[in-house]
Amino acid sequence: MTPDKKLPMREKMLPFAPPDIREEEVTEVVETLRSGWITTGSKVRRFEQAFADYVGADHAVALSSCTAGLFLSLWAHGIKEGDEVITTPYTFAATANVAIHLGARPVFVDVDPDTFNLDPGRLGRAITPRTRAILPVHFAGQPCDLEPILDTARQRGVPVVEDAAHALGALYREKRIGSVGDVTCFSFHAVKNLTTGEGGMITTSDAGLAARVRVASLHGMDRSAWEREGTAGAWRYEIRFPGYKFNMSDLQAALGLPQLRRLDESQRRREEIACLYAKALGDLPGVTIPRLKIPGKHAWHIYPLLLDLEHLRIERDQFIEEMRARNISTNVHFTPVHLHRYYRETFGYKEGDFPVAEDLFRREVTLPLYPRMTDGDVNDVIEAVKSVVRWSTS
Ligand SMILES: *Cc1c(COP(=O)(O)O)cnc(C)c1O
């Protein structure tokens with residue numbers, strides 16, 4: 001179709017996911033800059049403790065990213081060359097890349113069309129004697145159905161490493177994500193529900209695993225500089241093994257602490273916006289809204305709208321251009337990992353391998369959703385969606 005010429009238009013482009021940085025963060029960062037200690041130190045320790053308390057986990061280890069957390073979680077479980085790691089194709093590539101970094105093969109399991117999440121019913125068939133870990137992703141903030149995944153994993157004696165990059169604030173039944181599985185990895189990348197610019201955290205109830213990840217995140221040193229500071233023989237440390245450099249700095253933690261204090265308030269606003277979208281778009285022919293499928297709480301990191309293409313005379317990409325023409329930024333989450341060129345060429349994956357994920361991808365448009373959106377902004381998005389649907393069905 002030729003572009004719509006008569007557009008209802010807000011004055012300025014609505015950004016997709018700007019960070020929510022307030023005066024409290026600025027103050028905390030400036031204090032840290034003036035404190036004389038800017039890398040891993042007391043602020044990181046406080047952030048870890050506050051985070052563990054928030055999700056209800058025994059241990060939390062702050063890292064440079066969620067990717068580092070996923071990598072170290074697999075590393076700590078001894079994943080190596082020749083192993084297989086089961087995950088979902090409907091994720092950001094980092095989830096599968098980390099298996100490859102350790103020499104393992106990422107094995108994908110197609111998703112549930114209602115949730116975009118790894119379908120536990122298909123899990124059994126993907127397991128082989130080489131399976132060493134299962135890595136589910138709580139897509140958009142919708143918790144995976146963890147019980148059957150954990151059951152399958154326990155029967156096979158393999159760990160479940162959760163990618164909770166989208167799921168800070170989500171509940172699985174009555175438990176917070178981060179307190180359910182074996183090890184859970186969170187992201188504080190700029191667009192996530194809590195941001196430290198870049199950063200990540202793992203939570204676990206396994207003290208030994210937390211200790212291994214901590215040491216591995218800082219060169220394999222037995223004592224960090226912060227732990228040695230001011231003690232006799234502070235200069236002395238030992239390398240237990242050649243570790244990595246995945247620690248979080250106090251500057252990052254200074255951003256995280258006030259954001260964590262504000263998290264419940266931010267999550268309430270996210271939920272409010274999701275409710276406004278649901279009310280306005282839930283019955284609109286041409287689109288399908290996301291809905292929480294199991295008891296618990298959605299973290300509403302993103303709002304993945306599905307286009308019912310048989311209803312519309314345009315494809316997803318043109319829908320996005322029409323939203324842009326109405327000054328609304330949208331996005332697409334995600335190109336299924338198996339369709340990326342490297343994955344096709346290296347592992348032989350091809351179009352058609354995971355039809356549910358591929359169908360969702362063809363139809364997905366992510367609407368803006370962040371605490372700083374005003375009701376007016378939300379309304380502009382709603383009106384733009386309705387207008388594009390109206391135009392593309394006329
Ligand atoms: C953002 C994201 C990651 C990576 O997080 P980083 O902190 O940037 O490493 C991993 N998985 C998913 C699903 C993500 O959205």
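Predicted model: local features only at pLDDT ≥ 70, side-chain atom pairs only at ≥ 80, totals over all residues.
1. **Helix α3 against helix α4.** Helix α3 covers residues 66–76, and helix α4 covers residues 94–101. Their axes lie 9 Å apart, at an angle of about 40°. That angle makes α3 oblique to α4. The crossing of α3 past α4 is right-handed. From α3, the contact uses Thr67, Leu70, Phe71 and Leu74. From α4, the partners are Ala94, Thr95, Val98, Ala99 and His101. By class, this contact of α3 with α4 has six nonpolar and three polar residues, and no charged ones.

2. **Phe71 and Tyr244.** The whole structure holds 24 aromatic pairs. One of them joins Phe71 and Tyr244. The pair is edge-to-face, with 5.0 Å centre to centre and 80° between the planes. Phe71 sits in helix α3, while Tyr244 belongs to the loop between α8 (225–228) and α9 (250–261), so the pair ties together parts that are 173 residues apart in sequence. Phe71 also takes part in the α3 contact with α4 described above. The relative accessible area of Phe71 is 8%, so Phe71 is buried. Tyr244, at 28% relative accessibility, is partly exposed.

3. **An aromatic cluster.** Phe108, Tyr342, Tyr343, Phe347, Tyr349 and Phe354 make up one aromatic cluster.

4. **Helix α2 against α9.** Helix α2 spans residues 42–55. The axes of α2 and α9 come within 8 Å and cross at roughly 35°. This crossing is left-handed. On the α2 side, the contact is made by Ser42, Lys43, Val44, Arg46, Phe47, Ala50, Phe51 and Tyr54. On the α9 side, the residues are Asp250, Ala253, Ala254, Gly256, Leu257 and Leu260. The contact of α2 with α9 counts nine nonpolar, two polar and three charged residues.

5. Glu25 is part of helix α1 (residues 23–35). Its relative accessibility is 0%, so Glu25 counts as buried. What does Glu25 touch, leaving aside its neighbours within four places in sequence? The contacts are Asp20, Leu255, Pro258, Gln259 and Arg262.

6. **Gly200 in strand β9.** Gly200 lies in β9, which runs over residues 200–204. With a relative accessible area of 0%, Gly200 is buried. The C-alpha atom of Gly200 is 5.9 Å from that of Ala62, although the two are 138 residues apart along the chain. Leaving aside neighbours within four places in sequence, Gly200 is in contact with Val61, Ala62, Leu63, Ser64, Ser65 and Cys66, and also with Phe186, Ser187, Phe188 and Met248.

7. **Helix α11 against helix α14.** Helix α11 comprises residues 316–325, and helix α14 comprises residues 375–393. Their axes come within 10 Å and cross at roughly 130°. That makes α11 oblique to α14. The crossing is right-handed. Gln318, Phe319, Glu322 and Met323 of α11 meet Val381, Ala384, Val385, Val388, Val389 and Trp391 of α14. By class, the contact of α11 with α14 has eight nonpolar residues, one polar and one charged.

8. **Gly286 in a loop.** Gly286 falls in the loop between α10 (263–281) and β10 (287–288). Is Gly286 buried or exposed? Gly286 is buried, at 0% relative accessibility. Gly286 and Leu312 are 26 residues apart in sequence, with their C-alpha atoms 6.3 Å apart. Leaving aside neighbours within four places in sequence, the contacts of Gly286 are Leu306, Leu307, Asp308, His311 and Leu312.

9. **Backbone points to check.** Most residues other than glycine have a negative phi, and most peptide bonds are trans. The peptide bond from His333 to Phe334 is cis, with omega near -10°. Phe334 is in the loop between α11 and α12 (341–347). Asn327 is also placed in the loop between α11 and α12. Phi of Asn327 is positive, near 65°. Asn327 is buried, with a relative accessible area of 14%. His219 likewise has a positive phi, of about 65°. His219 lies in the loop between α7 (207–216) and α8. At a relative accessible area of 33%, His219 is partly exposed.

Conventions: Residues numbered from 1 in each chain as written. Heavy atoms only, no water. Axes fitted to C-alpha atoms, helices over the stretch in contact; angles between N-to-C directions. Helix = DSSP H or I, 4+ residues; strand = E, 2+ residues; numbered from the N terminus. Parallel < 35°, antiparallel > 145°, perpendicular 65-115°, else oblique. Left-handed = near helix turned anticlockwise from the far one by under 90°. Contact = heavy atoms within 4.5 Å. Nonpolar A, V, L, I, M, F, W, Y, C, P; charged D, E, K, R; others polar. Phe/Tyr/Trp six-rings, centres within 6.5 Å; stacked < 30°, edge-to-face > 60°. Buried < 20%, exposed > 50% of the residue type's maximum accessible area, 1.4 Å probe, protein only.
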